[in-house]
Amino acid sequence: MIQSRKQDLARTPMEAWIHKKITGAASTSVLTRNKLEDYQLQMLRKTVSLARAKSPFYKEKLAQYPAEGLSSIQDISQLPFTTAAELKENPLRFLCCSQDDIERIVTLESSGTTGTPKRIFFTRDDQELTRDFFHHALGVVARPGDTVLVMLPGERPGSVGDLFAQSALRMDVRPVPYGLVRDPADALRVMQREQVDTLLGIPVQVLALASYESPGQNTFAASVKNVIVNTDSVPRSVIRRIQDKWGCRVFNHYAMTEMGLGGGLECAGLDGYHMREADLLFEIVNPVSGQVLPDGSEGEVVFTTLTRRGMPLIRYRTGDISRFMTDSCSCGSVLKRLAPVRNRAAGRIELISGDLLSMSMLDEVVLAIPGVLNFKAVLTTAKLPLNRPVDCLSVTVQVADWVESDTAEVVEHALFSLPVVAKNVHDRALKVNPVVVDKSRKLWNPVKRVIQDERVKERA
């Protein structure tokens, strides 16, 4: 049951946008959950019909599931899941159109050492859906006349940075395309020259700009009002450090390429993503059984595209762990809110002891340290006397130039503040290797930040 909360913020503009998409015109009526779910059911039936008729993959997968059998939105639980492995195997079999109609192909490399990459296909209309979302989602954050530094790949037409820049222009926000940051000083000089007040980028890249100068310094006269962070989970420690530096608002944007580069965005309440519910239908399921979970229960995020026609995805398992929030948002929107994603189903690594260690645990203590920009964590296996195996955790941190020489000790102390690390070290089931500190001026290439489990290769 949704608990009421005082509404003291302007309602997210995403609600009015979604209402217009549903009704076809600006409406003076109120958007309700029933109205939204009736629309979602209608679009779900259309998507299933299209997929069964046009996609070789779904023609087989959904052979026993006609669209007419969907009498309520809850009936989606009868449909089979789509997995990343199936998408990798033969992405062309997902297409519901000619390859000539495809305008953009995005290749997603595997986060592991091996593995076939995923390829996601978008038509011109599919990409317009993304522009439309970015345009209206940006209205949550920025105002006409603002200037936004786009710290995402944007060199190619149709890339995420390019689509965002085009969308910003639609609401008279000036985009400054920059791309991924390698030299924080250069990015800060651009911010100063262009009088940037809004940033869009990867969490650790934004953190690197906020941490370039020591606390109290502001040589570049940065005046940041808003930050939008996306493409990776956002540790609370990173948000706090960015806010402490600039006194700005930090908005979480939940996105995957498979979703069409946008899934949900926080409102000014900064308390969970409002979901893009006219284009996507979200569920939370038990990661093991696949059973749909009630709102408030934590599980795996699953989504179905409702308006994409080139490569629709039905009940796609994201691997992300979250929950639908059950209290009402302070902005008063009826749109569902997803709690910030901190973990992935496969990201919780089981130690020899049976205890679990995740990157999100490490994030909160390591990235809270002033001057730390990023870090890598690797698990290997060593042997104790009598040939007893023990897990070994190796951590390398990248830090700002001004950081003191005792950083390695500070990081090690932070690691031991985690109960799972302290317990396993005490029980001689885990060894923490000396922390390595990297002060190179060029930022590491951004990759999906996970604990690299090298024990699998060692056992092979």
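Predicted model: local features only at pLDDT ≥ 70, side-chain atom pairs only at ≥ 80, totals over all residues.
Figure 1. Strand β11 (residues 299-305) and strand β12 (residues 316-322) run antiparallel and are joined by 4 bridges. F303 has Y316 as its bridge partner in β12.

Figure 2. Strand β5 (residues 198-201) pairs with strand β6 (residues 226-229) in the parallel sense, over 4 bridges. In β6, V229 stands opposite G201.

**Figure 3. Helix α5 against helix α6.** Helix α5 (residues 124-141) and helix α6 (residues 160-170) have axes that come within 8 Å and cross at roughly 55°. This angle makes α5 oblique to α6. The crossing in which α5 passes α6 is right-handed. On the α5 side, the contact is made by Q127, E128, T130, R131, D132, F134, H135 and L138. On the α6 side, V160, L163, F164, Q166, S167, A168 and R170 take part. By class, the residues of the contact of α5 with α6 are 6 nonpolar, 5 polar and 4 charged.

**Figure 4. Helix α1 against helix α5.** Helix α5 also packs with helix α1 (residues 13-23), at an angle of about 145° and with the axes 8 Å apart. From α1, the residues that make the contact are P13, M14, W17 and K21. From α5, they are L129, D132, F133, H136, A137, G139 and V140. The contact of α1 with α5 consists of 7 nonpolar, 2 polar and 2 charged residues. D132 is among the α5 residues in this contact and is also among those in the contact with α6.

**Figure 5. Helix α8 against helix α9.** The axes of helix α8 (residues 203-210) and helix α9 (residues 236-246) cross at roughly 35° and come within 10 Å. α8 passes α9 in a left-handed crossing. P203, V206, L207, L209 and A210 of α8 make the contact with V238, R241, I242, K245 and W246 of α9. The contact of α8 with α9 has 8 nonpolar and 2 charged residues, and no polar ones.

**Figure 6. Confidence along the chain.** The chain has a mean pLDDT of 90, and 94% of its residues reach 70 or more. Confidence is highest in strand β10 (residues 280-285), with a mean of 97. Confidence is lowest in helix α13 (residues 455-459), where the mean is 64. Over residues 1-7, pLDDT stays under 50. For residues 1-7 the model has 17 contacts beyond four places in sequence.

Note on methods. Residues numbered from 1 in each chain as written. Heavy atoms only, no water. Axes fitted to C-alpha atoms, helices over the stretch in contact; angles between N-to-C directions. Helix = DSSP H or I, 4+ residues; strand = E, 2+ residues; numbered from the N terminus. Parallel < 35°, antiparallel > 145°, perpendicular 65-115°, else oblique. Left-handed = near helix turned anticlockwise from the far one by under 90°. Contact = heavy atoms within 4.5 Å. Nonpolar A, V, L, I, M, F, W, Y, C, P; charged D, E, K, R; others polar. pLDDT = per-residue confidence, 0-100. Pairing = 2+ DSSP bridges.
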